[in-house]
Amino acid sequence: LKSLRVIDYNKKVLAKLKHIGIKCTAGDITNPDVLENSQRNPPRIIISTIPDTVLQGTTNEELVRIARSTFPSARVIATATDPNQARVLYKAGADYVVRMAKLSAERLHDLLAEHGNSLHERSHLKEVFDMYKRQDNVRGAT
């Protein structure tokens with residue numbers, strides 16, 4: 001986390017992140033000047049983790065284009081809600097696109113593949129779910 005920097009305009013979010021030791025810059029990530037001035041050195045990776053349904057006044061496609069033009073050598077990771085949007089983001093220059101539904105399906109697949117044979121046992125099923133809940137809580141899930 002030492003080299004991680006978050007850019008956001010929400011001061012409450014920034015305060016929470018700073019409290020846990022993450023470097024932050026207040027500003028509009030769609031402004032290339034904010035991007036350029038937030039770093040001493042060009043970033044190697046730029047990540048947008050927020051889906052378009054939550055973004056205000058911009059889209060992941062716009063963020064990818066701005067990131068790509070501001071820092072051409074950086075790897076850009078964006079978030080899509082569906083396969084069509086993922087294709088648009090790749091076309092806009094994203095190096096990788098995260099889809100939450102796909103990640104959820106992969107996690108469920110892993111859970112079933114790892115524990116599928118014993119999930120018919122009610123007590124084991126509870127143990128498996130409790131284990132995943134603990135892991136999620138450790139990662140800060142609510």
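Two strands count as paired if DSSP finds at least two bridges between them. I began with that rule and took helices (H or I, at least four residues) and strands (E, at least two) as DSSP runs, numbered from the N terminus.

I am working on a predicted model, where local features need pLDDT of at least 70, side-chain atom pairs count only at pLDDT 80 or more, and totals for chains, interfaces and linings use all residues. Residues are numbered from 1 along each chain as its sequence is written, and side-chain values use heavy atoms, with hydrogens and water left out.

**Overall layout.** I counted six helices and five strands in the chain. Read from the N terminus, the order is β-α-β-α-β-α-β-α-β-α-α. I took buried as under 20% relative accessible area, exposed as over 50% and partly exposed as in between (1.4 Å probe, protein chains only). Of the 142 residues, 30% came out as buried.

**Strand pairing.** I looked up β4 and β5 (residues 96–99) and found them parallel, joined by four bridges. A78 has V97 in β5 as its bridge partner. Between the two strands the chain passes through helix α4 (residues 83–92), and this β-α-β crossover is right-handed. Right-handed means that, with the strands pointing away from the viewer, the path from the first strand over the helix to the second runs clockwise.

**Cavity.** I used a 1 Å grid over the protein atoms alone: a cavity is a set of points where a 1.4 Å probe fits but cannot get out, a pocket is an open set with protein on both sides within 12 Å along at least five of seven lines, and lining residues have an atom within 4 Å of a point. Grid points are joined across faces, edges and corners, and a volume is the space filled by probe spheres set on the points. I found one cavity of 30 Å³ or more. The largest cavity has a volume of about 80 Å³. Its lining includes I46, I47, A67 and A78. The elements giving two or more residues to that lining are β3, α3 (60–70) and β4 (75–80). I sorted residues by class: Ala, Val, Leu, Ile, Met, Phe, Trp, Tyr, Cys and Pro as nonpolar, Asp, Glu, Lys and Arg as charged, and the others, Gly among them, as polar. The cavity lining has ten nonpolar residues, one polar and no charged.

**A67.** I then checked A67, which sits in helix α3. A67 counts as buried because its relative accessible area is 3%. Its C-alpha atom is 7.8 Å from that of P32, 35 residues away along the chain.

**Pocket.** The largest pocket holds about 1300 Å³ of space. I listed 37 lining residues, with L4, R5, V6, I7 and I47 lying nearest the centre. β1 (5–8), α1 (11–19) and β3 (45–47) each supply at least two of the lining residues. β1 gives the most, with four residues. By class, the pocket lining has 19 nonpolar, twelve polar and six charged residues.

**Local contacts.** I took a polar contact as a pair of N or O atoms within 3.5 Å; within protein, one must be able to donate a hydrogen and the other to accept it, and residues adjacent in sequence count only if both atoms are side-chain atoms. T30 lies in the loop between β2 (23–26) and α2 (32–37). T30 counts as buried because its relative accessibility is 17%. The side chains of T30 and D28 are joined by a polar contact of 2.7 Å. At the start of α1, a side-chain oxygen of N10 comes to within 2.9 Å of the backbone nitrogen of K12. Just after α1, I noted a positive phi of about 90 degrees at G21.
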